[in-house]
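Let's take a friendly walk through a protein model. Have a look at the picture first, and then read on.

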Amino acid sequence: MSLLDFSNDVFIAAFFLYSAAFMLFTIAIMGRRWSGREPEEHSARWGRAAFIASSLGLLCHLAYFFTRWAGGGHIPVSNMYEFMTFLSMMVMVAFTVIFSIYRKILLGLFSVPISIIVMAYAAVFPQEVQPLIPSLRSIYLNIHVTLAAFGESFFAVAFAAGLMYLLRTVNFNSSSKSDKRQQRGVEFTLFIIIVIIGFLASVFAFRGAGYETVFIRSNVTVDNPGQKDSTIEKVSYKMPPIVAPYHSEIESFQSILGIKKPLFEAPFWMKGVNAGRKLNTVIWSLLTGAVLYGVLRLLVRKPLGRALQPVLDGIDEGDLDEITYRAIAIGFPIFTLGALIFAMIWAQVAWGRFWGWDPKEVWALVTWLFYSAYLHLRLARGWQGRRSAWLAVLGFLIVMFTLVGVNLVIAGLHSYAGTD
Amino acid sequence: MGKARRPVQIMILVLIVLLGGYAVGTTAFGGDGKPKEGGRAPSFELLGLDGKTHSLDEYQGRPVVLNFWGSWCAPCVKEMPALEAQWEKWKAHGVIVVGINVGEDQMTVQNFVNGVGVSFPVLMDQDREAVRSYGISPLPTTFFITAKGTIDTIHIGQLDLGTLDAQIGKLVNR
Amino acid sequence: MSGNPPLIVNTKCECGHQNPVGTVLCEACGNPLLDGADSARPLEMRYDGKARRSQKTNPGVIDRVWNFFSSVKIAIYLIVLTLLGSTLGTVFPQESTFLHIDPSTYYKQRYGTAGDIYYRLGLSHTYESWWFITLLVMIGASLVICSLDRVLPLYKALSRQQIRKHRRFLTRQRVALATKVAEGPEDWVSKAVQPLKKQGYRVMTDGGALLAEKHRFSRWGPYIIHIGLIIFLLAVLARGLPGLHMDQHLAFPQGEIVHIPDTSYYLVNERFTVEFYKDEEMPEEFRGKKVLPKLYETKAVLYECTADCGDPSREPKLAKVASHAIQVNDPLSYKGMKAYQFDYDLTPVLRSVTPKLVNSATGESYGSFKLEMKNPQRSFTAGPYTLELKEKYMEFGLSEEGKPISKSPYPNEPAFFFLIKGPKLPAGGEPYFYFPKQNDKAEFQQDAINDKLGGQGRFLELEVGDMSGVDVSESTSYLNVRVDRAMPFVWVGAGIVMLGLVLGFYWQHRRIWLTVGEGELTLGAHTNKNWYGLRREVSSFLKKMDINADEKSLENGGDPA
């Protein structure tokens, strides 16, 4: 198993290299105005170092991928952990492609953290190499999943560039109605990102503390008069239960942070025993995210969007607009091929129908329709600049819902992708 | 397109309306392929207890009462005497009652028919092909088919003498 | 389109060309016709400023319908509505995901009031609803009409390009430059040809004017995508035509030949296998805790009926035509018919038993016979005895009146009723109940029943010695048998879409116009995508011509439109 151990080691190395690259990108941008420096020269020098660090990180990441492939015997994209690590790798590939075209150091400052967050999200899921169940044993697993993720990673870069465009151009000093709306939109987007970080923080904090509480619930169903079927469901919480599953009992309870019993019970329409656990996770993420956001606001004493704006001073907004569009234009054909056409081919081979309106399929189609609307609006209706940037931000949120949300909220044929 | 522009436009629009109408018609209103009241009764070829192959076509011109049953199905067993009585009553009017047994072998069917005293023709659908084409799910299900071969009524569940009589009367008077 | 043209316009350009109504840029020289000569905004270059087909001053009904579908705005509304409509269908599982439910009660039971409303709104079959299909049809119409309306003017504009363009046309391109040059017009232009050719341009000159163009094919990308989508949609529609499509879920008990309805094919599941991962193939965390399937496989043989088909009173004559080990991602395929591994059931099904007739007093055996569950022989002989099979029950039970009945047609608890005749037996025969399964024999008290029926001195018993006397079908494999003759067209459509995407997005149509005169070079350049790349190319071209122009300085104003 040494190959897999090596694989895990280089993965961690990649994570730290990306973090280092992120810091170097930050210095390259933020340190421009440090005394005694030529801003251009400073940015170029530190930017080069940052790009070298991110490229080394990508090399390690690739090494992780191929050694895990060799060690596990199948391409590591078969469960949520593997898929997310792969997606974060593809985000870095997409970043490298776009960076080598446009040479915008600032792009690193916004793309690399996306990759880091996705990597951290991967670590939420069980990491062992699982053997493939029969339905996944197909060459189309390799083609469909990798191409879809590759296309989506360009959308991620477009998201980064779009968000940068907004931060650069939204007028934070104006109090006109439309400007206020833009400000709130940017702030809300940043808040969502912080909530995701809050989710990761709470998962890893409580995991580090080894927290666990178990609930049981017995379900009695009456099939025929006089014949009762009773099943016992068990659910293990890895975060302190603010919300208990609907109609459940505590089997074992670990108190932490003064929480001695669940504060609420999930509402009746959350029937599944896991629905309560998921709701609990959402509440913890929102809480942690809100606290994080509050602390940041206290530190900078103004809306985060306004605090970030000076970072983007002097960046050409036309370039950002162009990068957003270009990333989507590169990603769209790849996404179409991977997420729709090869998905159809595989579905045809495995199930005999190329399209079955499974939730995951539908959401891939929704993503595709969204980006085609984007392209039509831009090419034929002249939607450029801010409106186009908003669409790029929204589009990636749809992509993330398709990848994560569908598995969490709606279960379908793709539920084997291993959800938590 | 030049001068031919208008005819080309009209042709394309007509094509879109036709194809679109077909698409909406078949998917949204076409149903699930099961026969419906008012539709044509699907044909079948099944082995009868008499050892001969029978098809729906040979009853053409006569109202048909097509009853799907199984010897293990209690309501089927219970409605058999009513079917037999109506067969005796209406056969002079050209009505034919046909029982289609679902999935059982000849011995079971023969024993059952002898035991209950059924005299109308009974066919055996061992491979459940007629069951499939008629879209049967619960038993018993009875199809009342007009002399022209269209389905007049579909009755799911046990029939009593009165309903059966009324239904057949309706069928004959068509 | 942006901006309404004034109602009455003089469409004759200063260069003398008569343009059709709706023309934005003169078809000949490119002079902007619609806005004032003093405007400096970059030009609207869509369809090269040509009038679109549908723009007419006095539209009738057909024109109105045509214009409706020809509008990109409508197309975008259709896309967004389809997008929103499709998301509705993912709120609860669709009816089509279940094989056997009654949707009118299921949604209410499972999801409460919300589920009931969902069902009543018809959202439990969103993708088969009239409004969703109508949306798709309208998208199809929009694809056809939008493309037709744009591709023809664009084709005309691009195939008849004038080299010398109006000065305002050049200076109002998004990439533009006007600068002094020392050389004479024709010298400069002839010098410019080579570097442009090197950059992959096709170059045409006209005295002191030049047009360089490359990758024009990229402009057809969107229309190729739309053609592909139309073929795709038509193919999907064609799948529904009678005879092109078949979809059945069938059960294949191991070792039994099963007719595939509506075809002349028969399929035998010779052996069905399920394999699970062994402990050593699993990660440590899973060992002893999880069971993961590794393989589902049906060894299948396909037969075609060659004679006496479709007549149930005769045995059909079969010929083997194909055999395949069907796995989940590997269906059996024969002449457009495919059989997919779908499900399985490991419950063994009793097919026949071969009991011996023995004398329970002496232990003497009179011989054995094979008793089939389905269509058994009606009489058997064993030694001096004959056994007449009178009744058979597949799942033995008692009716409300206390009479023996069968509760289902499946051999779960089979029972057989014989009349045995022979030496030392009553002349009318001895009645005998036989339960082949040991469990049933005890449960239904076979001995007690027979003692009661046969009375004292009963000495004959039917017994199955060992497992060799029992024939079971070990498992049942469920296959999904499909025919889909329109599939090749679906793939052709998808392939054309991909081709269009690649042409349209990975290449860009670039054009550079320039005129030299009176000691001045005026240059304008246009692309349909990737202005950054175009500026870089123009800048490097100018550098070769000893003109230093920074990429940024070529940019002309903000966003068009």
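Predicted model: local features only at pLDDT ≥ 70, side-chain atom pairs only at ≥ 80, totals over all residues.

What elements does chain B contain? Chain B has 5 helices and 7 strands. Read from the N terminus, their order is α-β-β-β-α-β-α-β-α-β-β-α. Chain B is more spread out than a compact globule, because its radius of gyration is 21 Å, well over the 16 Å that the globule rule gives for 174 residues. Along its principal axes, the C-alpha trace of chain B spans about 80 × 35 × 30 Å.

Next comes the surface of chain B. Of its 174 residues, 49% count as buried. The accessible surface is about 8000 Å², and carbon and sulfur atoms hold 59% of that. As for charge, chain B carries 16 positive and 17 negative side chains, and the centres of these two sets are 15 Å apart.

The table shows how many residues each chain brings to the contact.

| Chain | Residues in the contact |
|---|---|
| Chain C | 60 residues |
| Chain A | 54 residues |

Between them, chain C and chain A bury about 5100 Å², with 65% of it on carbon and sulfur atoms. Which residues of chain C lose the most area to chain A? They are C:Thr90, C:Asn329 and C:Tyr532, which together make up 13% of what the chain C side buries.

Key
Residues numbered from 1 in each chain as written. Chains lettered and ligands numbered in written order. Heavy atoms only, no water. Helix = DSSP H or I, 4+ residues; strand = E, 2+ residues; numbered from the N terminus. Rg over C-alpha atoms; globule rule 2.2 N^0.38 Å. Buried < 20%, exposed > 50% of the residue type's maximum accessible area, 1.4 Å probe, protein only. Areas by Shrake-Rupley, 256 points an atom, 1.4 Å probe, with all protein chains shown as cover. Lys, Arg positive; Asp, Glu negative; His and termini not counted. Charge placed at Lys NZ, Arg CZ, Asp CG, Glu CD. Contact = heavy atoms within 4.5 Å. Buried area = accessible area lost by both parts, 1.4 Å probe.
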